[in-house]
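Trainee: Could you take me closely through one part of this model, the place where the two chains meet, and tell me what each side brings to the contact?

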There are 2 protein chains.
Amino acid sequence: MSEHEQTTDEIKLSDVEIDDGFWSPWVTRNRDVTIEYQYEQLEESGTLENFRRARDGKEGGFQGMWFQDSDAYKWLEAASYELAKTDDPALRERVDEVIELVAAAQEDTGYINTYFQLVEPEMKWTNLNIMHELYCAGHLIEAAVAHYEATGEESLLDVAINFADHVDDVFGDRIDGVPGHEGIELALVRLYRVTDDERYLDLAQYFVDLRGHDDRLEWELEHSDEIGGHSWDDGALIPAAGGGSLFLDEDGEYVGTYAQAHAPVREQETVEGHSVRAMYLFAGVTDLVAETDDEELFEAMKRLWENMTTKRMYVTGGIGPEREHEGFTEDYDLRNEDAYAETCAAIGSIFWNQRLLELTGEAKYADVIERTLYNGFLAGVSLDGTRFFYENPLESSGDHHRKGWFTCACCPPNAARLFASLGQYVYSNVDGSLTVNQYVGSTVTTTVDGTEVELTQSSSLPWSGEVTLTVDADGPVPVRLRIPEWTTDASVLIDGEEVDQSGEEYVELDGEWGGDRIEIRFERETELVRAHPAVESDAGRVAVERGPLVYCAEAVDNDRPLHQYALASDGAIDAEHRNDLLDGVTILEADAKVPALDGWEGTLYRRDDETDTESAQLTMVPYYLWDNREPGEMQVWTRVE
Amino acid sequence: MSEHEQTTDEIKLSDVEIDDGFWSPWVTRNRDVTIEYQYEQLEESGTLENFRRARDGKEGGFQGMWFQDSDAYKWLEAASYELAKTDDPALRERVDEVIELVAAAQEDTGYINTYFQLVEPEMKWTNLNIMHELYCAGHLIEAAVAHYEATGEESLLDVAINFADHVDDVFGDRIDGVPGHEGIELALVRLYRVTDDERYLDLAQYFVDLRGHDDRLEWELEHSDEIGGHSWDDGALIPAAGGGSLFLDEDGEYVGTYAQAHAPVREQETVEGHSVRAMYLFAGVTDLVAETDDEELFEAMKRLWENMTTKRMYVTGGIGPEREHEGFTEDYDLRNEDAYAETCAAIGSIFWNQRLLELTGEAKYADVIERTLYNGFLAGVSLDGTRFFYENPLESSGDHHRKGWFTCACCPPNAARLFASLGQYVYSNVDGSLTVNQYVGSTVTTTVDGTEVELTQSSSLPWSGEVTLTVDADGPVPVRLRIPEWTTDASVLIDGEEVDQSGEEYVELDGEWGGDRIEIRFERETELVRAHPAVESDAGRVAVERGPLVYCAEAVDNDRPLHQYALASDGAIDAEHRNDLLDGVTILEADAKVPALDGWEGTLYRRDDETDTESAQLTMVPYYLWDNREPGEMQVWTRVE
């Protein structure tokens, strides 16, 4: 293939170097601890051994989940992002070894999926619903693009292209069908962007357009004896609340919602089904819209985003309340203790929102990303980088804890690739403006409309709202600064002079830059936040936010059981920054009331006018930090008087 | 047998005639509709056919639950109570037919249990845990005593005595063991009281004392292939929350708590396990204490009652929050929407409390009975007398409704026997005082220390607190009037003159009565009630009580979803009596706040200070009446500001 030519001023990961008081420890720990730790898990879980056996032409002996190849690909993607930033020879060598192994396991046709190669070589492409060959292909392609962009090497890209070409041969010709788990759609657009080969864009469009029209998934249901892999109605695989499988409704009929196949994408009104599947699909669809200007699909994306963010998203940015199908349920169902809110779904939401942000330049998408990054996503990883939440409830009786790995280990490497690629979310080039989307200390060196520009950012977020930018450019470059949704007031000074800024979403600065210093102050207060009246779980309760952070109370900081605290609606909330605690954190002490215990002994019910309350302080820490100390109760939504 | 001699001035059911604005419709409907309806169910469910097949010496063909004989016995007991009050020839004929059938089905040994007679005749008395032969024996004995007391006829009593003698032969001799479901203990004391045969008292003592020392239940677990009936570990019978059976813990070890066999009764500290089993046991133990003055058992009863009523009882009097084992869990676990609070458990609590009341003369037991009668029990039956709740949650999303019958049909005939014997709960003779326990319009004609007395009561409860008594006696008779826990002030006038009464539990009136008129006024307010601070489910919430009634809100009366209402702690609550509604009811209209909906469109989260509330009225009806109109949400515990 020919070298891909850069046709836009897209900001690449390698253009951004993060140096931030808050995020750098996470990113560094991800590189030094998590990526290393996860490589060990690839070995321990048999993931690499599966590839070795496939390489050696062996039969059987497959270990782990049938879509476990994707763990290796996600690890390769994360490691490649690190290589894009720093050429670490040891990491590069290890990446090359894994790539060599993957390449050697690939069949001559281009096919690669170690489950089918080892276990059921005759049953490839027979069980699109569950067996996730296309999902794994998507992760292979994503890893390959990341590796190619990081290193310029085509070793993995060739493997991905071979597989993509094979998929293109098979689908729409031998088989009409869509994957039960999306992911390949966005990967194919990424592949198109580095290869300029429109076949991949067309193939992505094919998968998107066929979904909801396709009766292949239903056909598989009715022909379970003719297909490979796991059975449709195996309740042990995808258990439904009432028993049976979530692929089938009570009458045994196919339920397409689980895989967003209940209606054609362009007709969908609400976000439904498995939330990670939904996010990957919508990210891919938004990529397609960016390439094709498909207005109808664009309208569907905006409609689905509105539904999700105004009716189906936790205050943490988490999505998908229900455990049984890891997904969406109904508007305003935002149960707290039973919240599923999978870490991967939060990551998927960031993927989708970032694409909408780059497509539209609208700050609301960056707001959702910020909310999710600091809360619903970040809670997914322990402070030491080796333990992970799969589920992110907003309340716990004390028995929910992070784990080192999972049988279905989707979340840990997904977190790793997000941390490793965090630089992608900080800046974008929207219509010829260098836009600061996230306030993360960093330096970006890029070209805007042919003009070279270097912008250095230092940020005190999330603990306070001071940001300083230094900009140097060869010529005039418009700079746009996002005004976060949480700020009550924003002031901007250029070289000490206040800039008049009246925009709601962005401060727009036109100018020539010669090392000019932009000082920004985002005022923020500790805020009590209410959920929509229709949200039953949060009735009479408030969440406490401070800047981009959602706070929670933990048992370890509070004497009474948490349900006994009621915040005073107009009470004081004091903030104190503690460098000695949890790697440095601003904790909150809020005026609260608790029931007085006098008179209750030997009594279960008393007249309200005979009972009393007393003053207390409720100590809160940022939600992302919970479960990093002694186990105990946690709650985000606190009663308010 | 010799005619049993009345040795005390015990008030018999036939001494009391109920004529009450509130209760008479229930009692009449129970007699005219429910008992008739339930007889039809005995036929439809195959219960009577089981007896016919056993009578005819047939094999197999058993229908229904293996303890279904007890439904016939409970029906006989209820019908007998009716015969005690009025000799209805048609009902008497039907009762006699059923008795004749039961007697004919009894084996020569005295044994009777149609499941084993038809299905596993060689496996009698092998599975004490589950197969409930002793439980059925208990209900047979209770029916027999009721029938004998009602009619003076010994037709059913002879059957019961034959069976009791057979049980006495078998237990302590051929088998050492206790029943998995209690009930025979209290029945044996009842049998002792009508026969004066101390063997039955001794047998009751044997069953009580062996419980918790006995390893027979555990032995059955380990020898499931040697025993009849249903298997120990059959999760389908007694499913545990996490799967498997509630007879076994996670390690497969026997768990005695389900059947109160975790410790000897006299050592038990907390009410545990299946709540109906617990109530029947404790009622029987209290009967024993009354006969034997066993102080240690009495202390245990008082200790367990304290635990139940101060830590494990719903405000409705319901008990046993957990569905999986129909029973108790932990202190202060009083979940509302998932509350089990079985109707039979409320009835069992009334049985136990009435025995404690008669033993001690302490009003607190009558208070629990009153609370349970008007709320947790009464909700169990529909206004038309033909539909029944098994479970009595304190909150519903709208999908919980009464049913006409159940596979396990314990509750409906249990309710029938309580309504039919309601007169037993109104008065008692405590240490030579005629005590008014419940304010139910009625006439009692009895003898107190040899003095004949007739007391006629009219009562405006529960809608208001006016009670008038007219007393006529041949000589001096002390009269005690219980002061209900809910009254804020009580005034008593005899023939228009106010009586000074300083007691806390009872007004004690000494005097001679010649048609004197006692006018009582129990002041009561609509009260907001708080639960103990440790009750998480009720934090920040109040229940609304008015006199003996607990109120609830139903969707049918209120525009907003119920979670949106918050009562004003000091707001007005207006009461209005509506004769046109629900057979006559006082409804409440309470000042409340609901979230203002302005500004919420397209928004899921807003700053608290940008949101507002608006005034609203929350309409409430007595809890016992819920689900008698259109289905919809219901809640007892309402948020309070």
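What follows is an account of the interface between the chains.

Mentor: Bear in mind throughout that this is a predicted model. At the interface, 46 residues of chain B are in contact with 46 residues of chain A, and the area buried between the two chains is about 3400 Å², with carbon and sulfur atoms giving 56% of that area. Of the area that chain B buries against chain A, 23% is supplied by Leu604(B), Tyr605(B) and Arg607(B), more than by any other three residues.

Turning to the polar side of the contact, 22 residue pairs, both at pLDDT 80 or more, are in polar contact between chain B and chain A, and the interface also holds 4 salt bridges; one of these joins Arg530(B) to Asp608(A), with 2.8 Å between the closest N and O atoms.

As for the elements involved, helix 12 (295-311), strand 13 (526-531) and strand 19 (605-607) of chain B each supply at least two residues of the side that touches chain A, and the largest share, 5 residues, comes from strand 13 of chain B. By class, that side of chain B divides into 21 nonpolar, 12 polar and 13 charged residues.

Strand pairing also crosses from one chain to the other: strand 13 of chain A (residues 526-531) runs antiparallel to strand 19 of chain B, and 3 bridges join them. Within this pairing, Val529(A) has Arg607(B) as its bridge partner, and Arg607(B) is also one of the three residues named above for their share of the area that chain B buries.

Notes. Residues are numbered from 1 along each chain as its sequence is written. Chains are lettered from A and ligands numbered from 1 in the order in which they are written. This is a predicted model: local features need pLDDT of at least 70, side-chain atom pairs count only at pLDDT 80 or more; totals for chains, interfaces and linings use all residues. Side-chain values use heavy atoms; hydrogens and water are left out. Contact means heavy atoms within 4.5 Å. Buried area is the accessible area (1.4 Å probe) that two parts lose on being put together, summed over both. A salt bridge is a side-chain nitrogen of Lys or Arg within 4 Å of a carboxyl oxygen of Asp or Glu. A polar contact is a pair of N or O atoms within 3.5 Å; within protein, one must be able to donate a hydrogen and the other to accept it, and residues adjacent in sequence count only if both atoms are side-chain atoms. Helices (H or I, at least four residues) and strands (E, at least two) are DSSP runs, numbered from the N terminus. Ala, Val, Leu, Ile, Met, Phe, Trp, Tyr, Cys and Pro count as nonpolar, Asp, Glu, Lys and Arg as charged, and the others, Gly among them, as polar. Two strands pair if DSSP finds at least two bridges between them.
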